[in-house]
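Me: I'd like to learn how to read strand pairing and chain contacts in a model like this one. Could you walk me through it?

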Amino acid sequence: MQPKIKIAGLDFYYNGRPVLENICMEAFENTITAVTGPSGQGKSSLLIAVNRLWESIEGARVKGDIQIRFGQTFQNIYDPGFRVPELRKKVGMVFQMPNPLPMSIYKNIVFPLKLTGGHKKKDAAFRVETALKRSFLWEEVKDRLNEDARSLSGGQQQRLCIARALILNPEVLLLDEPTASLDDTSGRMIESLLLEVKKSCTLLLVSHYLDQVKRIADKGMRLSRGQITQAW
Amino acid sequence: MVSPFWDRAFRLFAWGCSLVLMGTFLIIIGFLCIKGYTALNLRLIFGDTGFWDAVVLRRQVFDGLFPAMAGTLCLILLSVVLAVPLGLSTGIFLAEYASPRVKWFFSFVFDILAGIPSIVVGLFGFSITLFLHQSFFDRLYPCLLISALSLAFLVLPYMIRTTQMALESLPASLRLTAPSLGATQLQSIVYVLLPAALSTILSGIILSIGRCAEDTAVIMLTGAVATAGIPRSVFSSFEALPFYIYYISSQYADHSELINGYGACLVLIFICMNLFVLSHFLKKRLSQKLLFRH
Amino acid sequence: MGMKDFFLKSLFLGACLLSAGIALGILGFMVVLAYPLFAQGLFWDMLITPWSPGQGLFGVGPMITGTLCIASLAVGVSVPISFGVACFVGILHPGGKGRILKFVVEAMTSVPTVIYGFVGIFLMVPLVRELFSGGSGMCILSAGMMLGLLISPTMILFFAQSFTLVPQNHLDAADALGANTVQKFFYIVLPCAWKSMVTGLVLSFGRAMGDTLIALMIGGNAAAFPESVLDPARTLTAHIALIIAADFDSIEFKTLFVCGISLYAMTGIGVVLARGLGQRGRA
């Protein structure tokens, strides 16, 4: 198994207060690495350090090294020349609360394609279908792609967000407590789809459900007060 | 603890104030309606000229409100075209790009701009015209363009504030969604944030339109006159409804002109009320849209 | 950052700078045009001397007094009424009755000042003339009361909004202790809201000082220091509207810039005060 993400000496400050201290870890390709621990201890901050989303949040500051292997070579994503929008096309993210955009299901999924531009309509329709099939949502919505995405149930919305994150075929997928706002059945469905997704992707999963972690994670670590206290 | 007596007194006071306010307002509207209803017919607007002749500009209207209404309409269009892009861009900058200190500073400056009395803005417009007239453009006089420019200065702070507020009150999760999908800041603004804030911004535009329709102080110094017909170009003087009302109040020649004045008041109130209702329902639509959950 | 991104960001910044430039440019322009008066050391005197062109006196003292009197009366009339209506709408009847009233108040904010002026001339002035036999009816009293009516809807909405600033858990705590609506209002809401209310008051005062038409149409426009509320008075704003037709090179015309600067300064101080109270004014 080859390492995909290497994190060294990561510090995360929020409004001057340290949230993560000297985090060092590795995530391997095509695995699910779980990050667990009590609430408010920095798990989500670790994720947004990997896709640099903290830069859109006031008061957040990060120091350290994160290297991700794209292709054969590792690249430090905090290099001065590194283009952040490009990073986020290869590193997708799913949030705890589903956040469909206020538009139709189809337009939601196609949105990342629209951002990169230069895709054709026929090509787009096929890619939307593929993404929805990967997130186990296609059968349920194939006849109502033009309906507002917010009319879906919570579990469906979350699978929509996963499909939206998958359409550009990212190499890494960050998931911040993806099943926390869902019922058991929806949660389990998402767990099985994540097991499929990991075949072509590296997953970093934040979760405080220990049984979920036991079910699907290959590796894991526990964060307590901003430091890693356990790893397996 | 508040004794029952004070409790009752307080409630009585609140009721009393509300009745006084409502009563006064109704008296004003009622007074205008009673005095002006006889004027409410097509003659008020078109004088002796026929409806179609006037609207297709075949013949001039001399005794009616039509030129004033046309003037007000041209004024509104021109001011909005000037103020909206500038206000929108400024609001976007403040909401999305400015650091907190920069934002504080500019907000202060725009609060001051919002507080400037309209007559001072009119004075500024007039003085600029004077200055340009004496230095470069000796054919430039107070005109539609100058008035529209000055009105644009007047409504600019409203546009800025509305845009800024509309963008800043979008839910935090919406702000992070587009960037997390690889959008640049500009893409996030154009594809997600602005469309979501559109209803509020639109209601702000309607508010600005209302402000342009009702203002008198600015235009009386920068180009509005009592008789000018339909504005021929942006460099000509023009008539406007609120100015007509002001003019009639002191210069009415006979009783029928005064009645026309009352009629004009009713027309102006009607226009402003419609704009208000439109703006109100746009704002309601937005709050419904944002609250839409499954 | 891509080319397009950078270009548009610069465009937005440029728009912002232009807008700010306009705000400051208005002041700058007036200062420049009033410069001869500064140079001759006349400016500060003008603020207190009377206006009597026949005697070579071009002071705007009477106008400043007029503005302050009429605006003060307007605010004095408006505050209690606005407070009462705001309590009705925000505290006592937040449901059906209050919502209708609030809608009507919001609609009132869209009524133009010229309408109030017009009705003032033909309804209020004769009334004041009758009630206080003597004088023409065009006086501080008429103008002040009409102006008070004009600024009330905005003040009501501002007050009502201030009442919503109190954190919900304070109200919940009061409920749990058995307080009724009125008690909650006086002991919890008001201490929280009073600062914001004062901001609204200051801003409304600024608005009252800046109004032109009501003072112009029903204030009487006498350029002398008023001695009672039944005296006619001229405000800075009305003065500008009246003198604008004068010859541009004359001293009379220059006094307009003195008026403009005074108004700018007065409303500017109002904004600073409102900010100093820690609340952003959102009238």
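**Strands, then contacts**

Reply: Let's begin with one pair of residues in this predicted model: P3(A) faces F28(A), which belongs to β2(A).

Me: Which way do β1 of chain A and β2(A) run, and how many bridges join them?

Reply: They run antiparallel, and eight bridges link β2(A) to strand β1 (residues 3-14) of chain A.

Me: What is the strand order of the sheet in chain A?

Reply: Read across, the order is β2-β1-β4-β5 in chain A, an open sheet of four strands with antiparallel pairing. Its edges are β2 (17-28) and β5 (73-76) of chain A, since each of these strands pairs on one side only. From one strand to the next, the twist averages 5°.

Me: Now the chain contacts. How is the size of an interface often given?

Reply: Often as the accessible area lost when the parts come together. Here we'll go by residues: between chains C and B, chain C supplies 65 residues and chain B supplies 69 residues.

Me: Which element of chain C gives the most to the side that touches chain B?

Reply: That's helix α1 (residues 3-33) of chain C, with 18 residues. Sorted by class, this side of chain C holds 44 nonpolar, 16 polar and five charged residues.

Conventions: Residues are numbered from 1 along each chain as its sequence is written. Chains are lettered from A and ligands numbered from 1 in the order in which they are written. This is a predicted model: local features need pLDDT of at least 70, side-chain atom pairs count only at pLDDT 80 or more; totals for chains, interfaces and linings use all residues. Two residues are in contact if their C-beta atoms, placed from the backbone, lie within 7 Å. Helices (H or I, at least four residues) and strands (E, at least two) are DSSP runs, numbered from the N terminus. Ala, Val, Leu, Ile, Met, Phe, Trp, Tyr, Cys and Pro count as nonpolar, Asp, Glu, Lys and Arg as charged, and the others, Gly among them, as polar. Two strands pair if DSSP finds at least two bridges between them. Axes are lines fitted to C-alpha atoms, for helices over the stretch in contact, and angles run from 0 to 180 degrees between N-to-C directions.
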